[in-house]
Amino acid sequence: MTKGNKQLSLEQRDELLKTLKARFEQNMNRHTELEWAKVQEKLEANTEKLWSLNEMEITGGEPDVVGHDKKTGEYIFYDCSTESPKGRRSVCYDLEALESRKKHKPENNAIDMAADMGIELLTEQQYRELQEVGNFDLKTSSWVQTPADIRKLGGAIFCDYRYDTIFVYHNGADSYYAARGFRGLLRV
């Protein structure tokens, strides 16, 4: 499949829906009062969103439903992998940071990767909400959306979970580490 073709084959769709359903059923604490049949109906009506969920899946995100927006009717998926998704680590924050590196540039950046996948980075608040349904990033960390005033000064923020506490840190946006990736969200 090429980057321009944001459609899954019927076989890929069926396989992804099976995976998502199994994860949904195994983690009911993340979405009490929601029914898989309604989520699946919404997914089947939005095949481009299925493509994005598949991108989340193949990069190690283990996407799952964490909420339902009653105003818009959208289901909200977050990356729920225990650690920051393996296929999205060792990236700096954004393109500006990537281009500013003189040497040892990473292959990509979090903001552009997320956009290419059709997802958004979690905000700090959304990261905190994710931690309410489990313990994530016990050994890794995840870039989160950075306020413009911090980014303008060259920084970016990331979060992790240690000592039963959510920590929010800062780093130069051009930094990257093998244990830091990013978590995304998708509304369907």
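Which residue in β8 is the bridge partner of Ile76? It's Arg187, and that pair is a handy place to start. Keep in mind that this is a predicted model, where local features need pLDDT of at least 70, side-chain atom pairs count only at pLDDT 80 or more, and totals for chains, interfaces and linings use all residues. Residues are numbered from 1 along each chain as its sequence is written, and side-chain values use heavy atoms, with hydrogens and water left out.

β2 (75-79) and β8 (residues 184-187) pair in the antiparallel sense over 3 bridges. Strands here are DSSP E runs of at least two residues, helices are H or I runs of at least four, and both are numbered from the N terminus; two strands pair if DSSP finds at least two bridges between them. Zoom out and you get an open sheet of 4 strands, in the order β1-β2-β8-β3, with antiparallel pairing. β1 and β3 (120-121) stand at the edges with a single partner strand each, so one side of each has no neighbour in the sheet.

Phe77 touches, among others, Val39, Leu43, Leu53, Leu185 and Val188, leaving aside residues up to four places away in sequence (contact means heavy atoms within 4.5 Å). Phe77 is also one of the residues with the most contacts inside the largest nonpolar core, which has 34 residues; Trp143 and Phe182 are on that list too. A nonpolar core is a set of buried Ala, Val, Leu, Ile, Met, Phe, Trp, Tyr and Cys residues joined through side-chain atoms within 4.5 Å, with buried meaning under 20% relative accessible area for a 1.4 Å probe, protein chains only. Elements giving two or more residues to this core include α1 (10-26), α3 (47-58) and β2. Ile76 and Tyr78, meanwhile, belong to a second, separate core of 13 residues, along with Leu130 and Tyr161.

Ile76, Tyr78 and Leu130 turn up again in the lining of the largest pocket, as does Arg187. α6 (124-131) gives the most to this lining, with 3 residues. By type, the lining divides into 5 nonpolar, 2 polar and 3 charged residues.

Away from that sheet order, look at β5 (155-162) and β6 (residues 165-172), which run antiparallel and are joined by 8 bridges. Ala156 has Asn171 as its bridge partner in β6. The two strands form a hairpin with 2 residues between them, and Tyr163 in the turn has a positive phi of about 50°.

Conventions: Buried < 20%, exposed > 50% of the residue type's maximum accessible area, 1.4 Å probe, protein only. 1 Å grid on protein atoms, 1.4 Å probe; cavity = no way out; pocket = protein on both sides within 12 Å on 5 of 7 lines; lining within 4 Å. Nonpolar A, V, L, I, M, F, W, Y, C, P; charged D, E, K, R; others polar.
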